[in-house]
Amino acid sequence: MRIRVDSIGCRLNIGEMDALARRFAVKGHRIVGPGEGADLVVFNTCAVTHIASRKSRKVIRQLRRTIPNAKLVVTGCYAELSPAATKSLGVDLVVPNTDKERLPELLTERGFIAPGEAVPGAALDHQGTLPGVRTRAFLKVQDGCNNRCTFCIITVARGDARSRSVAEIIEEVRDLVRLGYQEVVLTGVHLGSFGRDHGAAHGLEGLLRALLRDTDVPRVRLSSLEPWDLRPELFDLWSDPRVLPHLHLPLQSGCDATLARMARNTSQREFSAIVHAARDRIPDLGISTDVIVGFPGECDAEFEESLDFVRSTEFSRLHVFRYSPREGTAAATMPGRVDPQAVTERSERMHRLGAELDTRFRRGFVGRDLEVLWESSEPFGDGARWSGLSGNYLRVVTDVPAEADLRNTIQPATIVGAMPGALYGRSASSVETDLFAPGQRVAAY
Ligand code: SF4
């Protein structure tokens, strides 16, 4: 059976669908990408903001229109919060988040898929990775969250925190390594709380130690971590080069008064302390973050404080969100709604600052060598322009001869230039072209 899996939203959503694709493939189904015919589509929705909900609806409509004969199955946070609205978009089956883990079995029970007819594992391509699925494996190790940040709807959709067992995760990582994946990204709604529901005070540290000791995974990356979950001792694990020098620490606001209304368990002082501890121990560390602008009660002075803190923290990348109230959250009923025009202006200023910080961080690597996991290529002259990610989460592009295939390999690149959104690198396979000539082709990006 030809099955397409798709998702929008966080890395956790991506991880869930990657894992689902692997399970379907192992059962003998063919995983197809966009543009290929499909008999069944599973789409994982998001509801973290109004925009994400709207986009979820839009994608469902598109899928229904473009693949009219496929069975359409929809799950994820938007489907969980609005099942009737989801169904009304022409969806054949809405699956709650609690049943997501057992989708292959559920779909077989409901008659949506027949047991796989192909040879188990035959859907894997020559490198062991799945067509239509990325080269990095997003691995869900935890779900749910016990915090109650006042803007967050995700806890309503995902429930309380629960962790998988270390033994089960180790087994899955070994399988991923056997399949050829070079990088595993550990994901969870509240990854830093990993293991606490099993009584482990420092569960994430234990998990990382076990992964490094018991598997040959070439690269491990951590997805989003709440700053209050981290203790400086965790960063000692980065002495192993397989743990990648990138942290995503959601700040949400750089103003203590706003943070208090958001019910975040952190402050400027605590956030700075953990950032300094991480930078002391992890060379070349990239720290990205999320920031909300226009939270209820955020006056001009609070916004300026937040902006200053973001600037002084020198993040490598910012994800900026305009606050929008979500029914069912505490913040939705808070007074002090910010004028939409002011929210737009704040968002633009924060975005501009993000671009500045991003450029500054990237330029610091010109003239240096970075290890890159090469992911995809597009035709370029007589060769190909390859794109990949460095350990500290910088996009690097290089040009190589047509016969070279860098996909899913880790190879160094010497960084020779920076442009918006990416670095130019020369890899061992690079050809001499004008891609790297000063001022050339920058406009192409
Ligand atoms: S830590 Fe806060 S923002 Fe993150 S999932 Fe939990 S409640 Fe939501």
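1. Burial first. Of the 445 residues of the chain, 54% count as buried; here buried stands for under 20% relative accessible area, exposed for over 50%, and partly exposed for anything in between, with a 1.4 Å probe and protein chains only. Please keep in mind that this is a predicted model, in which local features need pLDDT of at least 70 and side-chain atom pairs count only at pLDDT 80 or more, while totals for chains, interfaces and linings use all residues. Residues are numbered from 1 along each chain as its sequence is written, and side-chain values use heavy atoms, with hydrogens and water left out.

2. Next, the overall fold. The chain has twelve helices and 18 strands, where helices (H or I, at least four residues) and strands (E, at least two) are DSSP runs numbered from the N terminus. The radius of gyration of the chain is 22 Å, close to the 22 Å from the globule rule for 445 residues, so the chain is as compact as a globular protein of that length. That radius is taken over C-alpha atoms, and the globule rule is 2.2 Å times the number of residues to the power 0.38. Along the principal axes, the C-alpha atoms fill a box of roughly 65 × 55 × 45 Å.

3. On contacts and surface: taking contacts between residues at least 6 apart in sequence, 72% join residues at least 24 apart. Contact means heavy atoms within 4.5 Å. The chain exposes about 18900 Å², and carbon and sulfur atoms supply 52% of it; accessible areas come from the Shrake-Rupley method with a 1.4 Å probe, and for residues only the protein chains shown count as cover.

4. A word on charge. There are 57 positive and 57 negative side chains in the chain, and the centres of the two sets lie 4 Å apart. Lys and Arg count as positive and Asp and Glu as negative, with His and the chain ends not counted. The place of a charge is taken as NZ of Lys, CZ of Arg, CG of Asp or CD of Glu.

5. Two backbone angles may interest you. Q252 is not a glycine, yet its phi is positive, at about 75°. This residue is found in the loop between β11 (246–248) and α9 (256–262), and Q252 is buried, with a relative accessible area of 8%. Y393, also not a glycine, has a positive phi of about 70°. Its place is the loop between β15 (383–390) and β16 (395–401), where Y393 counts as buried at 17% relative accessibility.

6. Now the aromatic rings. The count comes to six aromatic pairs; rings of Phe, Tyr and Trp (its six-membered ring) pair if their centres lie within 6.5 Å, and planes under 30 degrees apart count as stacked, over 60 as edge-to-face and the rest as tilted. One of the pairs is F271 with F315, edge-to-face at 6.0 Å centre to centre and 65° between the planes. F271 lies in helix α10 (residues 268–281) and F315 in the loop between α11 (300–313) and β13 (317–322), so this pair ties together parts that are 44 residues apart in sequence. Both F271 and F315 are buried.

7. F361 and F365 form another edge-to-face pair, with 5.1 Å centre to centre and 65° between the planes. F361 counts as buried at 18% relative accessibility, and F365 counts as buried at 5%. Elsewhere, ring pairs link F151, F295 and Y323 into a cluster.

8. Leaving aside neighbours within four places in sequence, F112 is in contact with M1, L40, K71, V73, D92, L93 and L107. By contrast, the C-alpha atoms of F112 and L394, 282 residues apart along the chain, are separated by 41 Å.

9. Finally, two positions towards the other elements. H29 sits in the loop between α1 (11–26) and β2 (30–31) and counts as buried at 2% relative accessibility. H29 and L72 are 43 residues apart in sequence and 16 Å apart, C-alpha to C-alpha. A52 lies in helix α2 (residues 50–66) and is buried, with a relative accessible area of 11%. Not counting residues up to four places away in sequence, A52 touches I8, C46 and A47.
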